[in-house]
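Welcome! Please take a moment to look over the sequence and the 3D view before reading on.

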Amino acid sequence: MTNFVLGLVGFGIIFLSGVLMLGLAALRRKSSPAFREIPAITRLRQAVGRVVEDGTRLHVSLGRGALATPQSASALAGLTLLRHLAELTSAGDKPPIATSGEAALAILSQDTLQMGSQASAQGAYDPTAGRLTGLTPFSYAAGAIPTIRDENISTNILIGNFGVEAALLADAAERANTFTLGSSDNLTAQAVLFASAQEALIGEELFAAGAYVNARPIHYASLTAQDILRWLIIGVILVGAVLKLAGIL
Amino acid sequence: MKFKGITSTVIAISFGVLVLAGYIFGYNADGSLSLLGQFQLIILNIAVILAGFAVLVGIFNLLLVHTKKISQKQKGAGYSIVLIVTLVITFLLGLLAHYVPIAAALFNGAFQYIQLPIETSLMALLVVTLTYASIRLLRRRLNVLSVIFLVTAWVILVGTAPWPFLGDVPFFSDIVRPIIAQIPAAAGARGILIGVALGTLTTGLRILFGSDRPYGGKNG
């Protein structure tokens, strides 16, 4: 297939997804969204509640997803969650801390925390709350570990693009006796976080986390659109397999 | 403030749509780069330059965080002093590397003989960390998934590792490991990747619609 035909196929998929999302969001505007329960998110909500109650801090580690790469989506999903959590914990004494291993992501995390701080009673914004801790995988992890250990953190959320270094962060969180939720778009990191984090989000659950914490019609619509597209892909795979077996393809 | 939010939203959505259009209609039917494709390249090049400046801002932020730690005499302030001193030295060596040969040698040496061994040591540390995490997994989350995870990891390890005096383990190395790796593991991995791709698609669309705004401004 030529690039032009591939482009048209891509356009078709994106157009279909966009129409589905907008249509479903319009349909769901008046009804409250209902999601299937994800135990990890339920525990996250409880942990965030404790952060506000006991005056500790929330730490969100956003990974190393560069904004000009496909990994940026997981970083943006992390920023969406950070924004909601910053607003949720705005009643607490201490603002959340965000660490990242990519410079542009660190700047966006500062902006996100600044927006979140406007919802707080104090309204104070600390520019050092959004941090770049390192530019290589292990320097990023090594830089984030002191934050987990020394800054009165009670809840750690690792969400974004990680590699195996996520295990070091989860281990540091475990040693500090804190709650850890891990989620990544990288398969290796997902396996590592499944073993080492207290709770792990697998696959596309990463992208649903923001919707679960602060659901709006468009979030519900995007999750439903994902489900519809998934069934379509399953159908295409099954039909393709049958056609292959029949010798037609 | 409101105007700033609207402006950033309009700029982000416009350039997002243009870059997306560049990916889809970036090529003409004859395979040559279209006008949209050329425009997309220019925008991405500008993004790369901005990302370079972002690194400088990030390093300034790193300095700020550690200076604050030192001035407030927080826990680990000693490490912050070491970090700032080495950062300044490495930065100066990097600046001088193009003009002074010894500075270039020292700059490369810092990476080759300090950073690389330290990062490799951290990688080695992962073996212990992951083994310990696997043991903890059953204590923390005893369910069917955890058991399947650990048994699969064990079987793959037995089938892959070169055992002393034995080499490959019969049955595990030639039958069980390939079956697990090529059928259920590959199928599961592809399923997860399809889910991630769909999540990426809808996240991107939410940002293009202006519903999620990680670049500032109130979420719509």
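The model shown here is predicted. Chain A and chain B meet in a contact that takes 73 residues from chain A and 63 residues from chain B.

**Where the two chains meet**

- The size of an interface is often given as the accessible area lost when the parts come together.
- Here, chain B and chain A bury about 5800 Å² between them, and 70% of that area lies on carbon and sulfur atoms.
- Five salt bridges are counted between chain B and chain A.
- You can find a salt bridge between K68(B) and D126(A), where the closest N and O atoms are 3.0 Å apart.

**What chain B brings to the contact**

- On the side of chain B that touches chain A, the elements giving two or more residues are helix 1 (2-24), helix 2 (35-71), helix 4 (101-140), helix 5 (144-160) and helix 7 (184-208) of chain B.
- Helix 7 of chain B provides the largest share of that side, with 15 residues.
- By residue type, the side of chain B that touches chain A divides into 35 nonpolar, 17 polar and eleven charged residues.

- Strand 4 (residues 153-161) of chain A runs parallel to strand 5 of chain A, and six bridges join them.
- One place to look for this pairing is I157(A), whose bridge partner in strand 5 of chain A is L181(A).

**Two loop residues with positive phi**

- N152(A) is not a glycine, yet its phi is positive, at about 55°.
- N152(A) sits in the loop between helix 5 (137-150) and strand 4 of chain A, and its 38% relative accessibility makes it partly exposed.
- In chain B, F171(B) is a residue other than glycine with a positive phi, near 75°.
- F171(B) lies in the loop between helix 5 and helix 6 (172-182) of chain B, and counts as partly exposed because its relative accessibility is 48%.

Methods: Residues numbered from 1 in each chain as written. Chains lettered and ligands numbered in written order. Predicted model: local features only at pLDDT ≥ 70, side-chain atom pairs only at ≥ 80, totals over all residues. Heavy atoms only, no water. Contact = heavy atoms within 4.5 Å. Buried area = accessible area lost by both parts, 1.4 Å probe. Salt bridge = Lys/Arg side-chain N within 4 Å of Asp/Glu carboxyl O. Helix = DSSP H or I, 4+ residues; strand = E, 2+ residues; numbered from the N terminus. Nonpolar A, V, L, I, M, F, W, Y, C, P; charged D, E, K, R; others polar. Pairing = 2+ DSSP bridges. Buried < 20%, exposed > 50% of the residue type's maximum accessible area, 1.4 Å probe, protein only.
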